[in-house]
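Let's take a walk through a protein together. Have a look at the picture first, and then we'll go through it piece by piece.

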Amino acid sequence: MEDFKKSTVYQIYPKSFADSRGNGTGDLKGVISKLDYLKELGIDYIWMTPFFLSPQKDNGYDVADYYRIDPSYGTMEDFDELVKEAAKREISLMLDMVFNHTSSRHEWFQKALAGDEKYKNYYIFKRGKGPGIPPTNWESKFGGNAWEYVEALDEYYLHLFDISQPDLNWDNEEVRKEMQKVILFWMGKGVKGFRFDVVNLISKEAFEDDYEGDGRKFYTDGPNIHKYLRELNEKTFGKENGILTVGEMSSTSMENCYQYAGEDGKEFSMVFSFHHLKVDFMGNEKWVLVPYDFAKLKQILFDWQTNMAKNHAWNAVFWCNHDQPRVVSRFGDTGKYWKESAKMLATVIHCLRGTPYIYQGEELGMTNAEFQDISKYRDVESLNHFQILQEKGLNETQAYQILQVHSRDNSRTPMQWSEEDQAGFTKGKPWIEVNENYKKINASQQLKDPDSIFHYYKKLVSLRKEYDVIAYGDFEALDVKNPSVMAYRRTYKGETLVAASNFYGKEAVWNPETDLKDHQYLLGNYSGPLPEKVTVLRPYETRLYYKGRIVAIN
Ligand code: TEU
């Protein structure tokens, strides 16, 4: 049985984690200084978002050199020390491979712009359809057309993300070899895992206008995708045992994920999919205000749980990352039931079948920043869409309301370490403002409080190690039609775990579809006596019941 099924991954956005130098941006030495904190939480892997040389137009997802550390994060010596210090604490490093595109400052792209055919063929250059008309009508994920005109070449290049992020041409074998080299280099440095950024977009099918959508059908899960991923696997991480890999799959289909994350290990260990996090969109449109759809959330999560298992594939399970708003603001309550709802949401994720990911600050119940002033926003996507929304006719107030809910900056504010100035993140001026609530929500306080959200996460991380049923069990949905409760059962070799969670601020009744008399109450988010009826859940209450081996309950 693969060990990683008992593991939990912790995501660090280094720019906002800990600043050791006082210049306002986090760095590698900052991460080293917090390893004991992570050890205390009990996590096994750290996924670091990119810290490679980069002009930082998209906070490092625009890589100018895959082999160098951006000086704002430190040096290669710092990185080596981080790997060593983490290993001492039995924590492995997982790096972020941004292989769909490079930065426009990358040497390859600079050579391409200078007309060097070899490097032009590293990217996707095409002639326009006519004067001023781009090759296709595809839209960039960050707004506007996805093609940028280069006058000197009289050609356009494709950028599915920002103008400064030209897409690589994976149909060119030389590009694929370059990428293999990058992975082998970092494996040589003792890295034990990789996350692959938007990797299901690398195989483009055809360059045609999309009359029904924004172009994604021509490049999502494209024709050669499995071939390219298998090749990457065989030539690099597949050669060494125990390298953990996760592919970030943008707008993917579940059928493709059976292969991406198949237990045969030919592609990746697991996938991130995002359908469950689009339940507060309108179709694919993120920049709108609609209440989230609980029934849909449940249905999507449950479908993925059931079908991935049936097809022998493994999920990454998560609510949060650096692109998503804070979950307690999104599906929980930031007021009266802040603590209960944060713990409830944690329980749902950590008891599912799959590898759980915690995004920095989630374990403290950090909330959305909700900035009210455009000068406080930093994210290129938010800045672009603030303009686009107003061009569409919304007034400034309406545009802010949408940003406050959906902006990626909501989760990028500095980690809240303590009650000190700037939440103890920096001695200088932070690159993005600290959330105002840091005196109420911070690590130093939660470490002292056994009832804190931090300690609850710690418990969940250790339960996965302790109970095989959490790591390996089958999944079964319970009380599916319940309008406010998410309930499921996991079973494994005579062990059973039942989880029930109320997503609303009102008491709810649920149907366990199981006789819970012979189950033990294992964990929950309320202290004191349980309700008389097992079928009653208090506001945002979550409860775990266990049957199997005898356990000591504390
Ligand atoms: O994100 C992929 C992606 O398409 C989305 O998460 C996107 O940011 C959002 O849905 C737009 O509404 C990855 C990285 O995680 C992200 O930080 C990068 O900006 C992006 O790729 C480009 O590298």
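What covers the buried residues of helix 7? The cover includes helix 6 (173-187), strand 9 (193-196) and helix 8 (254-260). Helices here are DSSP runs of H or I with at least four residues, strands are runs of E with at least two, and both are numbered from the N terminus. Helix 7 itself spans residues 225-235, and its buried residues include Ile-225, Tyr-228 and Leu-232. "Buried" means under 20% relative accessible area, exposed is over 50%, and partly exposed is in between (1.4 Å probe, protein chains only).

Before we go on, keep in mind that this is a predicted model: local features need pLDDT of at least 70, side-chain atom pairs count only at pLDDT 80 or more, and totals for chains, interfaces and linings use all residues. Residues are numbered from 1 along each chain as its sequence is written, and side-chain values use heavy atoms, with hydrogens and water left out.

Now for helix 11, at residues 338-350. Of its 13 residues, 12 are buried, so the rest of the structure largely encloses this helix. Even Glu-340, Lys-343 and His-350 are among the buried ones.

Next, the nonpolar cores. A nonpolar core is a set of buried Ala, Val, Leu, Ile, Met, Phe, Trp, Tyr and Cys residues joined through side-chain atoms within 4.5 Å. In the largest one, with 156 residues, Phe-79, Leu-95, Trp-186, Trp-319 and Phe-503 touch the most other members. Apart from it lies another core of 15 residues, including Ile-124 and Phe-218. Back in the largest core, contact partners of Leu-95 (heavy atoms within 4.5 Å), leaving aside neighbours within four places in sequence, include Phe-79, Trp-186 and Arg-195.

Let's zoom out to the domains, whose bounds come from an automatic or database domain assignment. That assignment gives domain 1 (7-102 + 174-355), domain 2 (107-158) and domain 3 (471-547). The contact between domain 1 and domain 3 takes 24 residues from domain 1 and 28 residues from domain 3. Together these two bury about 2000 Å², 71% of it on carbon and sulfur atoms; buried area is the accessible area (1.4 Å probe) that two parts lose on being put together, summed over both. On the domain 1 side, Phe-294, Phe-302 and Met-344 lose the most area to domain 3. Met-344 is also one of the buried residues of helix 11.

Conventions: The expected span of a helix is 1.5 Å times one less than its number of residues.
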